[in-house]
Amino acid sequence: MKKYFRFYVAGLILFAIGCGVPVTRTLDDPRFSFASIGAGDPGCEQPTLVSTGGPFPKNPNTLAIRWTGYANFELVYKTQIILLDAHFDRGSMFPSIGVKAADVKRADVILIGHGHLDHMSDAASVGARTGALVVGAPVTTDKLLTQKIDPKQVRTVTGRGGEVLEFPGFKVEPILGRHGEPPKNVTAAFAAALKSTAPQPTPEQVAERNEIRQRGTNDPRVITEGTIAYLITLDNGFRIMYRDSGGTVTDYEKAAMASVGRVDVALVAVSASFLHTLTAQRALEHMRAYKPDVYIPSHHDAPFNGLWRATEPIFQAIKDENPNVVTVSRGYREPICFDTENNIQRRQGR
Ligand SMILES: [Zn+2]
């Protein structure tokens, strides 16, 4: 890995001083491996979701990950499309993610981390259109089943063990996590500051938000029994941990991690605590539990008049503790591709 990184840096320096061959190959694997995937592969270059008609990666070992705001991701592997959360139509108070729920035509499974509106508001419509299996905690699927979707497509999980879901090319283990509980004195102070300084939403925007809100739940059970982390294991052993809220690590997560040891990629929500000391502290807790090679943050974007949660202080805290962790944050829909054959677990025979 270091050798490739040095090669890359050397190439950049040569390019910068104008006497070398321009570095034109895509940096296709975030772990700085110049594997043959990615370069020249539209499936790893285009900012188009595969679920909306974009190309699959050419190489069947390639995992393509695209972030679509908040804790939404699209994962593509072999012939399968996995959606993590389903909140596409966020309304006019948010920056556009460049895709609407109605554009999503194909998906095999939708894993809902929890049932708040900003995680499940489009789960029913996207599920119904694609025929995907939609998975969530009881409080999530209770809400889902009040909407237009075939109950046969809905799978309820508790995350308390023994619920491994098998799909072609991968399996999913739901694990009971816990929703974030940011300190109220911090969140209230930031909310008050924003309210006093930012333009207020129009009545139309308030109505729009309320319509979206009805497709999620605010049941208090979301905090303690409605937030599910998903451990996704590909058929070659490559592991992804997904957690869509920045809560504390639970005993269920610790037990699941004790059996697998580590993951290749962690897709984790940044805590809503705003203060960098607090968000970094929680991110380190997640890192120590999941032990990923690559950390990809989520839930760090915000409405136009809100505050994005800064990722750089978190990246720095992670690297101060473990310089080998690669941190990656890209824009909406930009692909992050991995050669899943090239992962440390396989190289070490684990
Ligand atoms: Zn939430």
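I take a residue as buried when its relative accessible area is under 20%. I note at the outset that the structure is a predicted model.

**Entry 1: the zinc site**

I looked up His-116 and found a relative accessible area of 14%, so His-116 counts as buried. I then checked His-114, which is also buried, with a value of 1%. Both residues belong to the zinc site: the ion is coordinated by His-114 through NE2, His-116 through ND1 and His-179 through NE2. I recorded distances of 2.1 to 2.2 Å for these contacts. Along the sequence, the spacing of the donor residues reads H-x1-H-x62-H.

**Entry 2: salt bridges in the whole structure**

How many salt bridges does a search of the whole structure find? I noted 12. I followed several of them in turn.

**Entry 3: Lys-78 and Asp-235**

I located a salt bridge between Lys-78 and Asp-235, with the closest N and O atoms 2.6 Å apart. Where do the two residues lie? I placed Lys-78 in the loop between strand 2 (73–77) and strand 3 (80–84). Asp-235 sits in the loop between strand 9 (228–234) and strand 10 (239–243). The pair therefore ties together parts that are 157 residues apart in sequence. I also looked up the accessibility of each partner. Lys-78 is partly exposed, at 35% relative accessibility, and Asp-235 is partly exposed as well, at 45%.

**Entry 4: Asp-122 and Arg-215**

I next examined Asp-122, whose side chain meets that of Arg-215 in a salt bridge, at 3.0 Å from N to O. This pair links distant parts of the chain, 93 residues apart. I found Asp-122 in the loop between helix 2 (117–120) and helix 3 (123–130), and Arg-215 in the loop between helix 6 (203–213) and helix 7 (221–225).

**Entry 5: Asp-150 and Lys-152**

I turned to Asp-150, which forms a salt bridge with Lys-152, the closest N and O atoms being 3.7 Å apart. Asp-150 is partly exposed, with a relative accessible area of 33%. Lys-152, at 72%, is exposed.

Note on methods:
Residues numbered from 1 in each chain as written. Predicted model: local features only at pLDDT ≥ 70, side-chain atom pairs only at ≥ 80, totals over all residues. Heavy atoms only, no water. Salt bridge = Lys/Arg side-chain N within 4 Å of Asp/Glu carboxyl O. Helix = DSSP H or I, 4+ residues; strand = E, 2+ residues; numbered from the N terminus. Buried < 20%, exposed > 50% of the residue type's maximum accessible area, 1.4 Å probe, protein only. Donors = N, O, S within 2.8 Å, 3.2 Å for Na, K, Ca; no water.
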